[in-house]
Amino acid sequence: MAVFQLLLGLGANALLILSVFLFIAFLLYCLYIKYMHMKYDHIPGPPRDSFIFGHSATLSRIMKSGGNVHEKFLEWSETYGPVYRINGLHLVTVCVTCPEATKEILMSPKYPKDKFVYNRLFGLFGRRFFGLGLITAQNHELWYKQRRIMDPAFSSLYLRGLMGIFNERAEKLMDKLTEFADNKTEANMLHLLNCVTLDVIAKVAFGMDLDLLQKSSPFPKAIELCLKGMVYYARDLFFEYNPKNRRFVKDVREACDLLRTTGAQVIQKRKTAMQNGEDVPKDILTQIIKTAATEENMTKEDEEFMLDNFVTFFIAGQETTANQLGFCVMALGRHPEILEKVRKEVDDVIGMKQDISYDDLGKLVYLSQVLKETLRIYPTAPGTSRQIEEDMVIDGVHIPGGISCMLKLTFDSYVTGRMERFFKDPLKFDPDRFHPDAPKPYYCYYPFALGPRSCLGQNFAQMEAKVVMAKLLQRFDFTLVPGQTFDIQDTGTLRPKSGVICYIKHRK
Ligand code: HEM
């Protein structure tokens, strides 16, 4: 009994000391937040929801209700101008729409990707995810080494050679759509387009035959889970500690494991083929293997590094293109006159031909405009962010340089693409904005980001998108099933919420 009382006594004292310690730590942290407010509060911005959490409550309310946070950023940009500030804990985000600053910062290798966002994408709930691959690498040398080695797999010469696969996989979609047309059933276009783009990247990048329009595979679900997980993980620091989310977190971890173990098998198979002197394609997989060290001194970290890029290409190279195609079908379904015009161009250029050639793609000028306009209103990967260490002045506003990862500058293509200031009547879907003779948008249109860290797969994605759209327009009439929403679902990347449900008919 006496021992129990002693323990209790000690426990109470320890508890008191701990409470005092926590209270002081909390006070110091609040002082630090106050310091950050004082340092950056001269930058205009919306009123904070709370001292500690800043604007997080507004943003998490939008996310929880299935809304699109970029709409809020647009509203704030319109209200507070080309440079405005938001806070969350001690972190400060400066949102920039000023074209000059966008040019200066995104076009220069001087400003690295910001540590807070991109370090967080290193892993997902304790599992390594993008790691130090091409998207997340912040160290310039590490990134540049990878980019230089990957470049040949995206040269126009190499991309030309992919036309066969683009045609072949898009043809499988046409077969599937034939079934929908014959059976007069509604088609979830976004789902079908996701199958095609995943089939394409798996085949082109890694030599894997998924054939998702015919066979089932755990990959689409795994990618979906990882994408969802990325958003919660990056935007909500406490998500994984909420017991309600335990099941979801476990599923995301398993999805990461699936991607990485598959990656390890695919890489091993290719390495063996290379060692045996077999003739292997100069594809993304071969280049990924080259980004790691040479065979003799391959370390565990090198192996992980290759898997980082396997995951990077699987995720980056698929969903964004499928969503662009989904939005494009949705926009054409809503604008019959534009649909008619682009269909006429496809008929003129492609006619009854089955295989689309690289040269045909160059002649599909209006289709290019339609795809560009789609990404203006619906940029499927809407933002990027950078770090500045030294003070800057943007549009007359002084931005004090940040300490490590406390300050980030964000650039949001959704916001600039929908501002009257840059695009007259911005909500109007008008492909003529991108007519070859029209003035080019000046640093306010960047769905593939800009500068050295811009999308490596831009040409790949647009070739693939053109082949799929051209075949679709050539063969089928599609109409949107009435009553569906045209809303955008913000899952980090943007996608059409409805899934773009269509009736499909054969063209006469
Ligand atoms: C419509 C389709 C696509 C869109 C809208 C898009 C958009 C973007 C954006 C905005 C970035 C910059 C990300 C950031 O700053 O954090 C990016 C980077 C990247 N994308 Fe894409 N992307 C698309 C398709 C693809 C495809 C098909 C591939 C590969 C086959 C790909 C591979 C990459 C890679 C490797 C990077 C990192 C580049 C670097 O930092 O060096 N993307 N993409």
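In the predicted model described here, an open sheet of three strands has the order S5-S13-S10, and its pairing is antiparallel. Helices (DSSP runs of H or I, at least four residues) and strands (DSSP runs of E, at least two) are numbered from the N terminus, and two strands count as paired if DSSP finds at least two bridges between them. Strands S5 (187-188) and S10 (476-480) stand at the edges with a single partner strand each, so one side of each is left without a neighbour in the sheet. Strand S10 pairs with strand S13 (residues 501-506) in the antiparallel sense over five bridges, and Thr-479 stands opposite Tyr-503 in S13. Helix H8 (residues 163-183) lies across S5, S10 and S13 and runs at about 90° to S13. Angles run from 0 to 180 degrees between N-to-C directions, with axes taken as lines fitted to C-alpha atoms, for helices over the stretch in contact.

Residues are numbered from 1 along each chain as its sequence is written. Because the model is predicted, local features need pLDDT of at least 70 and side-chain atom pairs count only at pLDDT 80 or more, whereas totals for chains, interfaces and linings use all residues.

A further open sheet contains four strands in the order S1-S2-S9-S6, with mixed pairing. Its edge strands are S1 (83-88) and S6 (383-386), each of which pairs on one side only. From one strand to the next, the twist averages 30°. Strand S2 (residues 91-96) and S9 run parallel and are joined by five bridges; Val-96 stands opposite Phe-411 in S9. Helix H3 (residues 69-80) packs on the sheet and touches S1, S2 and S9, its direction making about 130° with that of S1.

Asp-412 belongs to strand S9 (residues 407-412). This residue is buried, with 22 other C-beta atoms within 10 Å. A residue is termed buried if 20 or more other C-beta atoms lie within 10 Å of its own, exposed if 12 or fewer, and partly exposed in between, with C-beta atoms placed from the backbone. Asp-412 touches His-70, Phe-73, Cys-95, Pro-382 and Gly-383, not counting residues up to four places away in sequence; a contact requires C-beta atoms, placed from the backbone, to lie within 7 Å.

Strands S11 and S12 form a hairpin with one residue between them, and Gly-492 in the turn has a positive phi of about 85°. Four bridges pair S11 with strand S12 (residues 493-496) in the antiparallel sense, and Gln-489 stands opposite Arg-495 in S12. In a regular strand the side chains alternate between the two faces of the sheet.

Among the helices, H11 (residues 246-275) and H12 (residues 284-291) pack at an angle of about 85°, with their axes 10 Å apart. The two helices are therefore roughly perpendicular to each other, a term applied to angles of 65 to 115 degrees, with those under 35 counted as roughly parallel, over 145 as roughly antiparallel and the rest as oblique. Val-266, Ile-267, Arg-270 and Lys-271 of H11 make the contact with Leu-285, Thr-286 and Ile-289 of H12. Helix H14 (residues 319-334) is mostly covered, as 15 of its 16 residues are buried.

Methods. Contact = placed C-beta atoms within 7 Å.
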